[in-house]
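Have the viewer open beside you as you read along.

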Amino acid sequence: MPPRPRPVDPPTEVIARVEDDHYDDDEYYDEEPAKDELPPDSLGRKAVRGFGEALITMGLVVLLFVVYEVYVTDLLSAGKQEDATAALDSEWNSDVVTPPPADPNRQSKLNLIEGKAFAKMYIPVFGNDWKFSVVEGTTDKHLEIGPGHYKDTAQPGEAGNFSIAGHRVGKGAPFNDLDLLESCNSIVVQTQTQWFVYRVLPMSSEVSGWASNPKSKEAACAGVAPLSTTLGDAYAKTVGQEIVVPTQGEVIAPIPHQVGTTVPADKQARLLTLTTCHPRFSDKQRLIVHAIETKSYPVADGFVPPEMTEA
Amino acid sequence: MYGWIWAHLPGPLYLRVIEAVVLVLGIVALLMFVVFPWAEPKLPFNNVTTE
């Protein structure tokens, strides 16, 4: 089959360039709408899109707030805690350490200044790295630095109720795991001259039958017993852990839950009370831990209380 | 909103991407260091003291 003759190309016709502003003309698109072109924005469409974008944006802001609350405040507080600890260390190192008085628990009062650290706190069961400098005062500003001592409650080692508040979420979250403390766990507080070892009191479920509980025979539990059996009914409500509503300030009274009664200081136990929010991420209630002082040691070079290595 | 912002960023594509990132970072920083610290005490998440 002979090849078909190619059609002769018509001579190229040169078309003069034209201004293509007619492409902007609406009529052009109306005649030939491109397939992936969206229809023109109507007001309703704009409104719906704007609303959707606003919702997405708000969601992102809430997520960011969670990140802020849980992580960023940790970073900010870590810096403040470090500064407070450094200030405390330099104070302790520069002052001439006065030798502890004959009765180690009758030491002269510490000079507490709001917002300044005055003691270090350790909870050995939370690990060696769990240590915080305790500052005086419990306002938001103070608690950003670290656990804060309720003003007007007892000082470390004093008769009465040495009470400390701490954050459970964010801001370093010192008291994040407070609910995990068990009876007889030690909480060690160090001042410039003294170590004080507090131990968590028996839980309310352990109070009856504590004497027959094998746990009470453990070395860690020496000096720990339900306070109602050793100190009488005034202490009946003082147990290792309790959950209260925020208005129950009586948990930090010298004798917890006993506000009206006045008891001479020498009849009061030496208690430590920790408070934090409960449940986590909520301020509906407060988690309270009570502990009693079982031992104290004078601070000496290179000396670390044996309780510090309990795990 | 986002489309409008994108349309109003000046410059070529790569510059617009940089501008958008800077804008986002600026807003995040504003939230983290100004808005959230202000709003946080007003929210009922983190009160740890008894009254």
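This is a predicted model: local features need pLDDT of at least 70, side-chain atom pairs count only at pLDDT 80 or more; totals for chains, interfaces and linings use all residues.

**Entry 1: confidence.** I began with chain B, where pLDDT averages 88 and 98% of the residues score at least 70. For the model as a whole I wrote down an ipTM of 0.89 and a pTM of 0.79.

**Entry 2: the make-up of chain A.** I went through the secondary structure next and found 5 helices and 9 strands in chain A. Reading from the N terminus, I noted the order of elements as α-α-β-β-α-β-β-β-β-α-α-β-β-β. Of the 311 residues in chain A, 32% are buried. I also looked at contacts in chain A with a separation of 6 or more, and 61% of them come from residues 24 or more positions apart.

**Entry 3: an annotation to check.** An unreviewed UniProt entry gives residues 51-71 of chain A the annotation "transmembrane region". What does the model show for that span, helix or strand? I found 100% helix and 0% strand, with the end C-alpha atoms 30 Å apart.

**Entry 4: where the chains touch.** I turned to the contact between the two chains, which takes 30 residues from chain A and 15 residues from chain B. On the chain A side, the elements giving two or more residues are H2, helix H3 (140-145) and strand E8 (270-278). Which of them gives the most? That is H2(A), with 8 residues. Sorting this side of chain A by class, I got 13 nonpolar, 11 polar and 6 charged residues.

**Entry 5: the helix pair.** Two packed helices are described by the angle between their axes and the distance between the axes, so I looked up both. The crossing of H2(A) and H2(B) is right-handed.

Which residues meet there? From H2(A) I listed A:Val61, A:Leu64, A:Phe65, A:Tyr68 and A:Val72. Their partners in H2(B) are B:Val28, B:Leu31, B:Met32 and B:Phe36. By class, this helix contact holds 9 nonpolar residues, no polar and no charged.

Technical notes:
Residues are numbered from 1 along each chain as its sequence is written. Chains are lettered from A and ligands numbered from 1 in the order in which they are written. pLDDT is the predictor's confidence in each residue, from 0 to 100. UniProt positions are given in the numbering used here, feature names are shortened, and annotations may be inferred rather than shown by experiment. Helices (H or I, at least four residues) and strands (E, at least two) are DSSP runs, numbered from the N terminus. A crossing is left-handed if the near helix is turned anticlockwise from the far one by less than a right angle, and right-handed if clockwise. Two residues are in contact if their C-beta atoms, placed from the backbone, lie within 7 Å. Ala, Val, Leu, Ile, Met, Phe, Trp, Tyr, Cys and Pro count as nonpolar, Asp, Glu, Lys and Arg as charged, and the others, Gly among them, as polar. A residue is buried if 20 or more other C-beta atoms lie within 10 Å of its own, exposed if 12 or fewer, and partly exposed in between; C-beta atoms are placed from the backbone.
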